[in-house]
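This report walks through a few local features of one protein model. Please keep the sequence and the structure open while reading.

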Amino acid sequence: MVLNWIWIAFFALAFLMALGRTLFAGDLTVWSEVMNASFDQAAFAFQVSLGLTGVLTLWLGIMKIGEKAGVIEFFGRLISPFFSRLFPGIPKGHPAIGAIFMNISANMLGLDNAATPMGLRAMQEMQSLNKHKDTATDAMIMFLVLNSSGLCLVPISIMMYRAQGGAANPTDVFIPILIATAIATLVGLTALCIKQHIRMDRVLWSWLAGIALFVAGVTWFFSSLPGDKVSVYSTFGANVILFIVIMAFITAGVRKHLRVYDVFIEGAKEGFKTAVMIIPYLVAILVAIGMFRASGALDIITGGVGSMVDWMGFDSQWVGALPTMLMKPLSGSGSCAMMLDVMKASGPDAFVSKLAACVRGSTDTTFYILAVYFGSVGVSKTRYAAGYALLADVVGAVAAVIIAYIFFN
């Protein structure tokens with residue numbers, strides 16, 4: 001229901017903004033800009049789905065091998081004490097638990113292309129337990145909020161963009177991003193536990209403390225490396241782990257005497273079907289966002305906030321990163337473009353550029369995730385998923401601003 005009204009609001013605000021620009025500024029071109037944005041975004045949505053087809057085909061094929069070889073079940077048993085409390089609606093030993101673990105692990109390593117197919121697999125497994133196929137279950141919402149909060153140990157793409165932009169130390173945002181995304185994840189998870197009446201017992205607290213200590217350990221390790229080695233080692237580690245996973249799945253399949261190639265093809269066919277299914281959902285979200293942005297509504301919001309902050313006498317340096325902050329839940333490519341625009345205008349080593357990078361990495365793209373994951377299983381009633389995912393977005397953005405002031409200002 002929340003997503004339904006948010007989607008309507010995008011169109012309504014875009015229309016009102018375009019109408020206002022015509023009536024009060026005599027701007028007749030705004031309507032062409034808005035409609036062109038709708039056509040461009042519809043084409044872009046199809047391109048995204050087309051681009052996902054190959055990746056989905058590959059990884060759902062690999063996942064099918066892992067499933068039939070028993071590897072997914074093994075991962076499920078490994079983290080069952082933690083996930084059985086976060087996802088009480090999923091039976092112990094169910095394949096959904098292993099798929100959820102694989103998805104979150106890939107996200108933490110910054111492996112977006114691998115994380116999405118694993119996440120879609122997890123949604124399909126959870127949908128098999130869903131009695132009301134058009135309505136999100138508590139487990140689905142918990143999974144989506146964990147994804148949108150975007151806990152990432154190695155923000156490879158952001159460090160790469162900063163290196164390409166000529167930053168003196170492209171990896172200086174690594175630790176601030178790690179801290180901000182960890183805060184967003186822990187707050188989002190805790191708030192959802194309260195909402196879903198999940199009892200925070202000793203086991204759950206122990207796992208959460210372990211995650212916090214692990215993040216602290218990763219922070220310490222990478223902070224001890226020379227600046228030019230952080231990106232190299234993080235990229236190396238992530239890709240080695242990914243290849244080990246592939247080999248482990250194939251090896252387990254061979255040991256189980258599976259016809260590994262045939263099993264891969266069986267899973268790969270599901271990847272193509274899933275890619276086709278998500279096209280309408282992506283078109284709906286991306287077109288609404290594109291028209292909202294093209295109307296100038298986003299610029300009005302950021303300009304108004306900047307003026308208000310200045311009027312109140314507070315430091316307004318952070319307002320330059322506000323477009324990245326507002327675009328982040330709406331569009332990954334849009335927020336990336338905003339970040340690069342700030343870097344180009346102010347220089348890669350300016351405070352606002354580093355802040356934009358921290359905001360970009362603090363959480364994931366909420367509405368893209370909601371559209372793709374719920375769309376892949378035909379869920380239209382998302383209940384409170386959008387609200388709690390946006391809570392994690394807000395917390396991550398605020399944490400990124402505070403931490404950037406501590407580290408860089």
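The model is predicted, so local features need pLDDT of at least 70 and side-chain atom pairs count only at pLDDT 80 or more, while totals for chains, interfaces and linings use all residues. Residues are numbered from 1 along each chain as its sequence is written, and side-chain values use heavy atoms, with hydrogens and water left out.

Helices are DSSP runs of H or I with at least four residues, numbered from the N terminus. Helix H6 spans residues 112–127 and contains Arg121; Ala122 is also placed in H6. Buried means under 20% relative accessible area, exposed over 50%, and partly exposed in between (1.4 Å probe, protein chains only). Arg121 counts as buried because its relative accessibility is 9%. Ala122 is buried as well, at 0%.

Contact means heavy atoms within 4.5 Å.

| Residue | Contacts |
|---|---|
| Arg121 | Leu60, Met63, Lys64, Glu67, Ala99, Glu270 |
| Ala122 | Ala96, Ala99, Ile100, Phe143 |
| Phe87 | Ile100, Ala139, Met142, Phe143, Leu146 |

Ala122 and Gly98 are 24 residues apart along the chain, and their C-alpha atoms are separated by 8.0 Å.

A nonpolar core is a set of buried Ala, Val, Leu, Ile, Met, Phe, Trp, Tyr and Cys residues joined through side-chain atoms within 4.5 Å. The largest such core has 93 residues, and Leu86, Phe87, Met126 and Phe249 have the most contacts inside it. Helix H2 (residues 30–69) gives the largest share of this core, nine residues. Apart from it lies another core of 26 residues, including Ala180, Cys336, Val352 and Ala397. In soluble globular proteins, nonpolar side chains tend to be buried together.

Nonpolar residues also form a surface patch of about 760 Å², made by Leu13, Phe15, Leu16, Leu19, Leu23, Phe24 and Trp31. Helix H1 (residues 2–25) supplies the largest share of the patch, six residues. Trp31 is placed in helix H2 and counts as partly exposed, at 32% relative accessibility.

Helix H14 (residues 297–312) has 16 residues and reaches 23 Å from its first C-alpha to its last, close to the 22 Å expected at 1.5 Å a residue; the expected span is 1.5 Å times one less than the number of residues. Ala297, Leu298, Thr302, Gly306 and Val309 are buried in H14. Gly313 follows H14 and has a positive phi, near 85°.

Key: Helix = DSSP H or I, 4+ residues; strand = E, 2+ residues; numbered from the N terminus. Patch = residues over 30% accessible without salt bridge, like charges linked within 9 Å, V, L, I, M, F, W, Y side chains within 5 Å. Areas by Shrake-Rupley, 256 points an atom, 1.4 Å probe, with all protein chains shown as cover. Salt bridge = Lys/Arg side-chain N within 4 Å of Asp/Glu carboxyl O. Lists of a residue's contacts leave out its neighbours within four places in sequence.
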